[in-house]
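Let's take a walk through this one together. Have the sequence and the coordinates open, and follow along as we go from strand to strand and on to the RNA.

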Amino acid sequence: MEEKFWQEEEAEAAKNSPFLTRNASSNIAISQFSVAELAALKDKSAFGSSEKLKSRKLIDQLFNEGKSVSRNGFTLVYLFVPLATQFPIQAAFSVPKRNYKHATDRNRIKRLMREVWRKNKWPLYELLTQQQKQLAIMWVCKSKELPDYSIAEKTILHLLEKLKSKLA
RNA sequence: AGUUGCAAGUGCUCUAUCGCUUCGGGAAACCGGGGAGGAAAGUCCGGACAACAUAGAGCACCGCACCACCUAACGGGUGGGGAGGACACACAACGUUCUUACAGAUAGUGCCGCAGAAAAUAACCGCCUCGGCUUAGCCGUGGCAAGGGUGAAAACGUGCGGUAAGAGCGCACGCAUCGUUGUAGCAAUGCAGCGGUGGGGUAAACCUUGCGGGUUGAAAGCCAACGUACAUCAGCGCUUGAGGGCUGCUCGCCCGAUUGUUCGUUGAGGGGUGUGGCGUUUCAGGUACUGCGUGAGCAGUAUCGCAGAUAAAUGAUAGGGGUUCGCCUUGGCGAAAACAGAAUCCGGCUUAUAGCUUGCAACAUUUU
RNA sequence: GGUUCCGUAGUACAACGGAUAGUAUGAGGGUUUCCGGAGCCCUAGAUUCAGGUUCGAUUCCUGACGGGACCA
């Protein structure tokens, strides 16, 4: 009884751990979505945990090796790297403490960026799925003043266009 | 009724759509619950919890300091006492209200600029005695500490006696302080009597006395599985030959599991790094009622389950309803809504806080 | 999340609890020079804030505010 429980746990762990899957990729393989599979999900603009960039190691790698585009105090850092997910992109958001002293302001900006990303990520998803590439990205807000939603949306859309043109 | 300040309380709300996180159900799709604060903040105290350390005692270091109580504990709170300020009043007492790090300066040491004679066993001017010169006074000797002046602070206050002049030198009344007796009180302490003292201040200077304190903090700590490289040990195989012996040295020969090196392989096994889980949210828990207590609180009964993320959830859009402000005007339109975001958990303290409510104080106007 | 240190002119540093807070450099003005530099003379400028102890705080104590360092 107990043994069975442990086996299940192992399987669970294997599914969740990105490290494992990468090493044993030839066998278990979480392959990327095909274009058709992705299209089935399109009518929902969800942003689940498997679309979030969480691994400390990957983030360090991203900042060290990644390229970036920036405008208006927003910076987008990106890097092509194999991910342990079916989605083409894992994203994360960051606001440095230097410009915003209060945790409230930092939370506000992160939520704002996440909302804009959630609504505008689909064009990039489709492009990458066609190319069958995976991308890790990090949004950083370095501006001095607290941005409102419309400004953030404008700049982020602009950055996305820039990124698309580089990928194409 | 208004404005300002202080204190306490409160800290906008509902619906829909698209999302996030967690729990439950489900094979899945999905469905249904829960989802920031009074300060979540500062990290200033006190605990719980964990790891390590620990015979006992003392010293050092740090903290606290009127008394009693509350509390798991506290540097927190409650009540009481003393001291000080404000109001009122001719003044005091009583009263109201606010503040209070409030043990010891007679255990010792240090410090007290400038001014002043002197800043701690004081003598400049001054007062007085005696002697000399001389009769205004001056000089010397001794006594005194009333008056003057300096300063933040100058050796109890007033009156009478006393004296050459004076002085708690003596007496009366008063003040402060210490001891003691009585009395009220658990006590701090108050009141009354008797006796002693009247030699400044500073302990948020060193210090003394009493009491308390082991150290480090969830990045504490515990567990799991896997990959990678590695310290170590053991077995087997292969290779190498440090060292020792024979010798003056070299070559050569012998020993070589006692120690050590390299490679392969098998097993044991420790720490490091990345990952996941536990710790991790059920409590010194909230709410209501009853009883006890001046009160902080305590006890009993009933009832509720009320965040749990980990590059880190609690959001966005649209519409409505309250509140405040502005404009037109009695119904619309437009705008605004503070301080601020859980990170192991509790009890306090401190700080920030729009608008509204309540209380107190001050100010000005109106009415009587 | 925790631990710890520090706040003095624009800047870098001084100052037993005691007069009007000092030094260097920078700033402004003057002098010298044909002009500039160097030199010389002069001037302004500060104890992070709020309480408390003391006769008297940059210094001592308490609280706030701000800044830095360390712990994986």
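How many bridges join strand 2 to strand 4, and in which sense do the two run? There are seven bridges, and strand 2 and strand 4 (residues 135-141) run antiparallel. To find your place along this pairing, look for Phe-80, which sits opposite Leu-135 of strand 4. Bear in mind throughout that this is a predicted model.

Strand 2 has another partner to look at. Strand 1 (residues 67-71) pairs with strand 2 (residues 74-80), again in the antiparallel sense, through five bridges. Here you can pick out Ser-70, whose bridge partner in strand 2 is Thr-75, and Arg-71, which stands opposite Phe-74.

Thr-155 belongs to helix 7 (residues 149-167). Leaving aside residues up to four places away in sequence, Thr-155 touches Arg-71, Asn-72 and Phe-74. Is Thr-155 buried or exposed? With a relative accessible area of 2%, against a cut-off of under 20% for buried, Thr-155 counts as buried. The side chain of Thr-155 also has a polar atom 3.1 Å from the backbone oxygen of Ala-152.

Next, helix 6 (residues 122-131). Its buried residues include Trp-122, Leu-124, Tyr-125, Leu-127, Leu-128 and Thr-129. Just past the end of helix 6 you reach Gln-132, which has a positive phi of about 55°.

On to the RNA. Around RNA strand B there are 22 residues, and those that come nearest are Phe-47, Leu-53, Thr-104, Arg-108 and Arg-111. Which helix gives the largest share of the surface near RNA strand B? That's helix 5, with nine residues. Helix 4 (56-65) and helix 5 (103-120) each supply at least two residues of this surface. By residue type, the surface splits into 10 charged, six polar and six nonpolar.

What part of the RNA does the protein meet? Of the atoms of RNA strand B within 4 Å of the protein, 70% belong to sugar or phosphate, and the rest to bases. A few contacts show this up close.

Finally, a word on confidence. The model scores ipTM 0.75 and pTM 0.75. Chain A averages a pLDDT of 73, with 79% of the residues scoring at least 70. Over residues 1-29, though, the pLDDT is below 50, and this stretch has 10 contacts in the model beyond near neighbours in sequence.

Technical notes: Residues numbered from 1 in each chain as written. Chains lettered and ligands numbered in written order. Predicted model: local features only at pLDDT ≥ 70, side-chain atom pairs only at ≥ 80, totals over all residues. Heavy atoms only, no water. Pairing = 2+ DSSP bridges. Helix = DSSP H or I, 4+ residues; strand = E, 2+ residues; numbered from the N terminus. Buried < 20%, exposed > 50% of the residue type's maximum accessible area, 1.4 Å probe, protein only. Near = heavy atom within 4 Å. Nonpolar A, V, L, I, M, F, W, Y, C, P; charged D, E, K, R; others polar. pLDDT = per-residue confidence, 0-100. Contact = heavy atoms within 4.5 Å. Polar contact = N/O pair within 3.5 Å; in protein donor to acceptor, adjacent residues only side chain to side chain.
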